[in-house]
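Here is a short report on one protein chain. Keep the sequence and the 3D view side by side as you read.

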Amino acid sequence: SQLIERYTMKNYFALFIILSVSAVAWQSAQAADATAGKDTRTLEQKLLPPDNIRLPPANALRTASGLRYVILKRGSGNTHPVPTSEVEIDYTGWDFQGRMFDSSLPRGKPSQFQLTNLIKGWQEGVLLMSPGDTFRFWIPGNLAYDGSGGDAPKGKLVFDSTLYDFK
């Protein structure tokens with residue numbers, strides 16, 4: 001009977017150890033899921049130009065107009081804005097020399113724009129997005145500010161854009 005009692009105690013102890021390790025592993029997995037997809041970079045890091053600023057990667061998609069893009073993150077939405085939508089979006093834009101010329105990020109809140117008031121590259125690219133999506137766009141000059149006056153950057157531009165909402 002003492003042998004059976006010792007054997008049972010060992011089984012309970014082993015079961016306790018297995019359950020404890022499983023619980024810790026489950027909590028770690030939950031914590032990883034909670035942070036998965038979250039951008040943990042600092043503001044300064046987010047404003048740095050991407051490594052592939054001059055040359056879109058081989059997997060970049062291309063539209064008929066010459067707009068190139070990659071999907072950096074897919075959101076949970078499945079609806080798309082229409083050309084007359086007002087969009088709520090975070091963005092950072094760089095010229096082809098890697099100079100950041102505009103960003104909503106330092107302001108600490110997304111910008112709201114009427115799509116019809118934006119450059120043609122945005123008018124086309126944002127229509128491809130759903131809420132929660134983050135895309136990188138390589139916009140040729142003819143779809144950006146070329147031909148416009150003022151201080152707007154000329155030539156090809158690169159934007160990282162996250163769409164939050166539209167109406």
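## A first pair to find

Which residue forms a salt bridge with D133? The partner is R74, and the closest N and O atoms of the two are 2.8 Å apart. Keep in mind that this is a predicted model.

The pair links distant parts of the chain. D133 sits in the loop between helix 3 (120–125) and strand 6 (134–139). R74 sits in the loop between strand 2 (68–73) and strand 3 (86–95). That puts the two residues 59 residues apart. Is D133 buried or exposed? D133 counts as buried because its relative accessibility is 0%. R74 has 49% relative accessibility, so R74 counts as partly exposed.

## The overall plan

Now step back to the whole chain. The protein has three helices and seven strands. Along the sequence, their order is α-α-β-β-β-β-β-α-β-β. Helix 3 (120–125) and strand 6 (134–139) have a loop between them, and D133 is in that loop.

How many of the 167 residues are buried, as a percentage? Buried residues make up 33% of them. The protein exposes about 10,600 Å². Carbon and sulfur atoms supply 57% of that area.

Contacts also tell us about the fold. Take the contacts between residues at least 6 apart in sequence. Of these, 69% join residues at least 24 apart.

## The other salt bridges

The count of salt bridges comes to three. One of them joins the side chains of R99 and D95, at 2.9 Å from N to O. D95 counts as buried because its relative accessibility is 8%.

Another salt bridge is formed by D160 and R136. Their closest N and O atoms are 2.6 Å apart. D160 lies in strand 7 (residues 157–166) and R136 in strand 6, so this pair ties together parts that are 24 residues apart in sequence. Both D160 and R136 are buried.

## F159 and its neighbours

Stay in strand 7, where F159 is found. F159 has a relative accessible area of 3%, so F159 is buried. What does F159 touch, leaving aside neighbours within four places in sequence? Its contacts are Y91, T92, G93, W94, F101, I119, W122, F135, R136, F137 and I139. R136 in this list is also the salt-bridge partner of D160.

F159 and T92 are 67 residues apart in sequence. In space, their C-alpha atoms are 5.5 Å apart.

## Two buried serines

Look next at S104. This serine is in the loop between strand 4 (100–103) and strand 5 (111–114). S104 is buried because its relative accessible area is 0%. Which side chain joins that of S104 in a polar contact of 2.6 Å? The answer is the side chain of D90. Residues up to four places away in sequence aside, S104 touches I89, D90, Y91, K109 and S111.

S85 lies in the loop between strand 2 and strand 3. R74 is in the loop between these strands too. S85 has a relative accessible area of 3%, so S85 is buried. Its side chain reaches the backbone nitrogen of V82 at 2.9 Å. Beyond residues up to four places away in sequence, S85 touches F113, Q114, L115, F166 and K167.

## The largest pocket

Finish with the open space in the model. The largest pocket holds about 400 Å³ of space. How many residues line the largest pocket? The lining has 18 residues. D39, R41, K46, T134 and T162 lie nearest the centre of the pocket.

Which strands each supply at least two residues of the lining? They are strand 2, strand 3, strand 6 and strand 7.

Key:
Residues numbered from 1 in each chain as written. Predicted model: local features only at pLDDT ≥ 70, side-chain atom pairs only at ≥ 80, totals over all residues. Heavy atoms only, no water. Helix = DSSP H or I, 4+ residues; strand = E, 2+ residues; numbered from the N terminus. Buried < 20%, exposed > 50% of the residue type's maximum accessible area, 1.4 Å probe, protein only. Polar contact = N/O pair within 3.5 Å; in protein donor to acceptor, adjacent residues only side chain to side chain. Contact = heavy atoms within 4.5 Å. Areas by Shrake-Rupley, 256 points an atom, 1.4 Å probe, with all protein chains shown as cover. Salt bridge = Lys/Arg side-chain N within 4 Å of Asp/Glu carboxyl O. 1 Å grid on protein atoms, 1.4 Å probe; cavity = no way out; pocket = protein on both sides within 12 Å on 5 of 7 lines; lining within 4 Å. Points joined across faces, edges and corners; volume = space filled by probe spheres on them.
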